[in-house]
Amino acid sequence: ETVNVIVQALLLALVIRTFLFQPFSIPSGSMRPTLLEGDYLFVTKWAYGYSRYSFPFSPPLFSGRIWGAEPERGDVVVFKYPPDPSLDYIKRVIGLPGDRIQMRDGQLYINGTAVPREKIGQIEDQDITDQARPVDVYRETLPNGVSYETLDLSPTTVGDNTREFIVPEAHYFMMGDNRDNSADSRFSVGFVPVENLVGRANIIFFSIAGGASPLELWRWPSEIRLSRMLSWID
C-alpha cells in the first residue's frame, strides 16, 4: 500500500509538471528589474500547447506542437536555448514571425516604428539592479499595449545598435528587460523556434536574495523578499 501511494504521488507530480505547471528559478540578471536572481516562479505549460520539450528529458516523440497557441508580444516565456536545448532560458517575446526588429541608439524599433519608451526615474536598490549606483529605468509599451520596465546600465553598449532582424516563420525574437546585460536574440540565442517554447511565466511564488537557498531557513529573516511573494509577472 505504501508503494502504491508513492507511485501514485510520483505519477501525479509528473502529470502536473508535464501538462500544467513547472517550477523554475532565476539564475541570472538578464530580466531585471522584472525578475531577479533568487525568484522562484511557476510556468504555465499549456499556454502554447505541447512539444517534445514539454516532457522530461525531451524525448523525440513528435515534432512541432500539439494544441498549440501563439504567444503574444510581451509574454515572458521559458524556452529551450536553440544552440543547446538542455538549457532553459527566460526572456520576453518582442518579435513575432515576419516582424522586423532593430535597436537604434537604445530605442527598440518594430517594423520600422519606434516603440514608445519613457524614462520614469532611477533605481538605487542594488538588489534590483546589481549595481552600486543609480540606474536609469524606462517604461516600454509594445504595439499591443503590453507595458513593462527595462534597465539602461549604459547609453553605449553593443546591444544598443543592431542590424535589422527579420523573424522567420514559426520563430520568435526574444529580449531581456536588462537590455545591456542580456544574451538574447540580438546575440547568441538567435531566433527561437516555436517548438522550443516551454511555457509562459505567470507568478513568483517565492523569492530570496543574497544567493541564498530556500532550504537555508536561518537566512530567511534577512534575505527573503516578502514583497515579491505571490506576485504576478507583467
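1. Glu140 stands opposite Tyr148, a residue of β10. Strands here are DSSP runs of E with at least two residues, numbered from the N terminus. Two strands count as paired if DSSP finds at least two bridges between them.

2. The model is predicted, so local features need pLDDT of at least 70 and side-chain atom pairs count only at pLDDT 80 or more, while totals for chains, interfaces and linings use all residues. Residues are numbered from 1 along each chain as its sequence is written, and side-chain values use heavy atoms, with hydrogens and water left out.

3. Five residues lie between the strands in the hairpin of β9 and β10. Gly145 in this hairpin takes a positive phi near 95°.

4. An open sheet of four strands has the order β7-β6-β5-β11, and its pairing is antiparallel. Its edge strands, β7 (113-114) and β11 (165-166), each pair on one side only. Within it, β5 (residues 100-104) and β6 (residues 107-110) pair in the antiparallel sense over four bridges. Arg104 stands opposite Gln107 in β6.

5. The structure holds one cavity of 30 Å³ or more. A cavity is a set of points, on a 1 Å grid over the protein atoms alone, where a 1.4 Å probe fits but cannot get out; lining residues have an atom within 4 Å of a point. The largest cavity contains about 50 Å³ of space, a volume being the space filled by probe spheres set on the points.

6. Which strand gives the most to the lining of the largest cavity? It is β10, with three residues. The lining includes Thr150, Leu151 and Asp152, along with Gly106, Arg117, Asp160, Arg179 and Asp180. By class, one lining residue is nonpolar, two are polar and five are charged. Asp, Glu, Lys and Arg count as charged; Ala, Val, Leu, Ile, Met, Phe, Trp, Tyr, Cys and Pro as nonpolar; and the others, Gly among them, as polar.

Key. 1 Å grid on protein atoms, 1.4 Å probe; cavity = no way out; pocket = protein on both sides within 12 Å on 5 of 7 lines; lining within 4 Å.
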